[in-house]
Amino acid sequence: MKILCLLNDGPDASSGAWVEALSRNCEVEVIDLARKEVPYDALVDKIFACDKLISW
Amino acid sequence: MQKKIAVLVRERQSEALRMSLGLILVDDLVDVYVLDRKLQATKETALHVETMKEMDMQIYTNCGENEGMEYLPVDEIALRLPQYDHILAY
Amino acid sequence: MKLGMLINTAKHLGDVVGICRAALARNHQVSIFAMDEGTRLLENDAFVSLAELQGVSMSVCDHSAKMIGVRTEGLSPKIVCASQLNNAMMNHNADRVIVL
């Protein structure tokens, strides 16, 4: 199970703990949208390639 | 086909709860998770929670201060979330 | 595939536009529902112009717009001023839903 976690405003006080908890049972990829590190076309591909999406 | 949706209530709790109630309008299964903090005691949140219970919606929380909700530790919630079609963090 | 975009803040306009256009370029359909603070984007041309694009449907929580004080008069007829039912329909029909 692949989960894509999008951090809309970068990491916050709780996002790290939740990502860590989700990572115990799933493959989790984290993308920090605030850092603009992934082009939008690649991001869309990742959104549909993952099994679950969480915008944090 | 019915979808399973988890709403993660964090900030702007009243709006998150209002949205959760709206999501059941097409007969999808909607579970609510109040995360990391106590639910503010306002007239709106009280009404939303009361309506959710009338609609047999499940409300979970990882915050022990929240009364009237089923407490689940972080690890248990993390184990459940991947079972939903959509996970909407508000 | 169908991408749902739940817009409940007005903080991520660049991401909303960029992701929407990238999804269309990949031949995905995009459904946008704006509520809460996200209705403030109705005052932004870059946001409302997305409704004119082929493959995009856009609806707005009228209750939110009224509470926030955003005018909905004069919007493009392609933007549906509606209720939470439209959000429910978007979530029901979408393969993925992003919240921004």
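**Neighbours, a helix and an interface**

Colleague: Which residues does Ala6(B) touch, not counting residues up to four places away in sequence?
Modeller: Contact here needs heavy atoms within 4.5 Å. Leaving out anything up to four places away in sequence, the residues that Ala6(B) touches are Asp31(B), Tyr33(B), Leu81(B), Tyr84(B), His86(B), Ile87(B) and Leu88(B).

Colleague: What sort of model is this, and how is it numbered?
Modeller: Residues are numbered from 1 along each chain as its sequence is written, with chains lettered from A and ligands numbered from 1 in the order written, while side-chain values use heavy atoms, without hydrogens or water. Local features need pLDDT of at least 70, side-chain atom pairs count only at pLDDT 80 or more, and totals for chains, interfaces and linings use all residues, as this is a predicted model.

Colleague: Is Ala6(B) buried or exposed?
Modeller: Ala6(B) sits in strand 1 (residues 4-9) of chain B, strands being DSSP runs of E, at least two residues, numbered from the N terminus. Its relative accessibility is 0%, so Ala6(B) is buried (under 20% relative accessible area, 1.4 Å probe, protein chains only).

Colleague: How far apart in space are Ala6(B) and Pro82(B), C-alpha to C-alpha?
Modeller: In sequence, 76 residues separate Ala6(B) from Pro82(B). From C-alpha to C-alpha, the distance in space is 9.5 Å.

Colleague: What span does helix 1 of chain C reach from its first C-alpha to its last?
Modeller: This helix (H or I in DSSP, at least four residues) covers residues 13-25, 13 residues in total. At 1.5 Å a residue, 18 Å would be expected, and the model comes close to that. The span is 18 Å.

Colleague: Which residue takes a positive phi just after helix 1 of chain C?
Modeller: The phi in question is about 65 degrees. It belongs to Asn27(C).

Colleague: Which three residues supply 38% of the area that chain C buries against chain A?
Modeller: At this interface, 19 residues of chain C are in contact with 16 residues of chain A. The area buried is about 1,500 Å², with 60% from carbon and sulfur atoms. More than any other three residues, the 38% comes from Asp15(C), Arg26(C) and Arg96(C).

Note on methods:
Buried means under 20% relative accessible area, exposed over 50%, partly exposed in between (1.4 Å probe, protein chains only). The expected span of a helix is 1.5 Å times one less than its number of residues. Buried area is the accessible area (1.4 Å probe) that two parts lose on being put together, summed over both.
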